[in-house]
Amino acid sequence: MSFNGYKDKIDEGDTVVLYLTISQIYSIKAEKKVLNKKGIEVENVFQTPFGALKCEDLIGKIYGSKVSLSKGWGYVLAPTPELWTLTLPHRTQIIYTPDISMILMQLELSPGSVVIESGTGSGSLSHAIIRAVKPHGHLYTFDFHEIRSKTAKQEFEEHDLGKYVTVEHRDVCETGFGEELNGTADAVFLDLPHPWLAIPHSVNALKSSGGRICSFSPCIEQVQKTCQKLTELGFKEIETMEVLQTQYNVQTKHIPVIDLQFLKVAKSEENTEKKEKEVQKIVTSMPPAQQPGHTGYLTFGTLYPVWTRKADFLNSEDD
C-alpha cells in the first residue's frame with residue numbers, strides 16, 4: 001500500500017493526499033465505491049472548495065499529477081508521516097512535526113529499534129516512529145481507550161504498516177506494558193496525564209544495555225513530577241525543552257549610510273549633505289510579530305546500562 005515504501009502509480013485502495021493550497025490539504029482513498037450513512041454503496045466523490053473529485057479517476061495516475069476538479073484543479077501526492085499529520089482524522093490532540101522531529105532525534109531511533117509508545121491517540125507520532133524503525137524494528141503502542149486502539153489498528157493495516165506495529169488496549173499506568181516486553185525496548189515514549197506512574201514500568205521495559213525515554217506534557221507541574229520520578233529511578237541526562245517554530249520574513253530594507261571617511265575629508269557642506277542622503281539596499285530577515293503558542297514540554301532521560309547502575313549504587317553505599 002501507499003505508506004510502506006515508494007511507488008509511481010496510485011493503486012485502488014491507496015491513501016492519497018490531495019493538495020489544493022498550503023492550507024487546504026486532504027487525505028482521501030482511491031476507491032470506486034463507498035458506503036453512505038444508510039449503508040448503501042454509492043460512487044466515491046470527494047467534495048472540495050474547488051469542486052468535486054471522482055476518486056475512481058485517481059486509480060492509475062502518477063503521484064504528483066495534476067488532477068481536474070469541477071471548478072479547478074489540485075495535485076495528488078504520495079502520503080508521508082508529515083502529510084498524514086496535517087490531514088489525519090483527529091480523535092485526540094496530536095503531536096505535530098516540529099515536536100516529532102525532536103522526539104525521533106533525541107530517542108536516537110534507527111532501523112531495527114524497538115519502541116514502546118503510550119498513548120496511541122490519532123497515530124500522528126506512530127507513523128513517524130514506524131518509518132524510522134522499519135524494516136527490522138517494531139513499535140508497541142498502547143492506549144487506554146478501546147475504540148481509539150481499534151481505529152488506529154485498522155488504519156495501520158490499511159496503510160500496510162501492520163507488520164511493524166502492535167496495538168493494544170491497556171492502561172499502562174496500572175498494569176504496565178506486559179511481562180513479555182520486559183528488557184526489549186530501546187526507547188519509551190509517554191503521552192499520558194500522569195506519566196510518572198508509567199516510568200517504573202518503563203524501567204522494566206528498557207533493555208539491560210540502557211535506553212532513552214521521552215515524556216510529552218502540556219503543563220509544567222507534570223514536568224516537575226516526571227523529572228522527580230526519573231531522578232529517583234536512576235535516569236541521567238534529564239532535560240526538558242519546548243520546540244517553537246519561527247518563520248522569518250525576508251525583506252529588502254533601505255538603510256541610510258554615512259561615509260565617515262568622506263566626512264573627514266569633506267570641504268563643502270553641500271557635498272556632505274548629499275552624501276548623508278544616500279541609502280543602501282540590504283536584504284535582511286524580520287521575526288514574526290507574534291510567536292507561535294505553546295504546545296507541550298518534552299522531557300528526556302537516559303537509563304544507563306545495568307552494570308553502571310549497580311556501580312552507582314555501591315558508590316552511594318560507600319559514601
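In what order do the seven strands of the open sheet run? Select them and you can read it off: E11-E10-E9-E12-E13-E17-E14, with mixed pairing. Keep in mind as you go that this is a predicted model.

Now colour the two edges, strand E11 (165-169) and strand E14 (236-241). Each has a single partner strand, so one side of each is left without a neighbour in the sheet. Turn the view to look along the sheet: from one strand to the next, the twist averages 15°.

Zoom in on E14 and its pairing with strand E17 (residues 297-303), which is antiparallel and spans four bridges. Pick Thr240 and you'll find Thr299 of E17 standing opposite.

Next, bring up the helices. Helix H2 (residues 97-106) lies across strand E12 (187-190), E13, E14 and E17, and runs at about 5° to E17. H4 packs on the sheet too, touching strand E10 (138-143) and E11, and its direction makes about 165° with that of E11.

For the largest, with about 590 Å³ of space, select Thr92, Gln93, Gly119, Asp191 and Leu192, the closest to its centre of the 32 lining residues. Elements giving two or more residues to this lining include strand E9 (114-118) and helix H3 (124-133). The lining divides into 12 nonpolar, 13 polar and seven charged residues.

Last stop: the second largest pocket, with about 240 Å³ of space. Tyr26, Trp84 and His159 are among the residues that line it. Strand E2 (24-29), helix H1 (81-87) and helix H4 (146-158) each give two or more residues, and the largest share, four residues, comes from E2.

Key
Residues numbered from 1 in each chain as written. Predicted model: local features only at pLDDT ≥ 70, side-chain atom pairs only at ≥ 80, totals over all residues. Heavy atoms only, no water. 1 Å grid on protein atoms, 1.4 Å probe; cavity = no way out; pocket = protein on both sides within 12 Å on 5 of 7 lines; lining within 4 Å. Points joined across faces, edges and corners; volume = space filled by probe spheres on them. Nonpolar A, V, L, I, M, F, W, Y, C, P; charged D, E, K, R; others polar. Pairing = 2+ DSSP bridges. Axes fitted to C-alpha atoms, helices over the stretch in contact; angles between N-to-C directions. Contact = heavy atoms within 4.5 Å.
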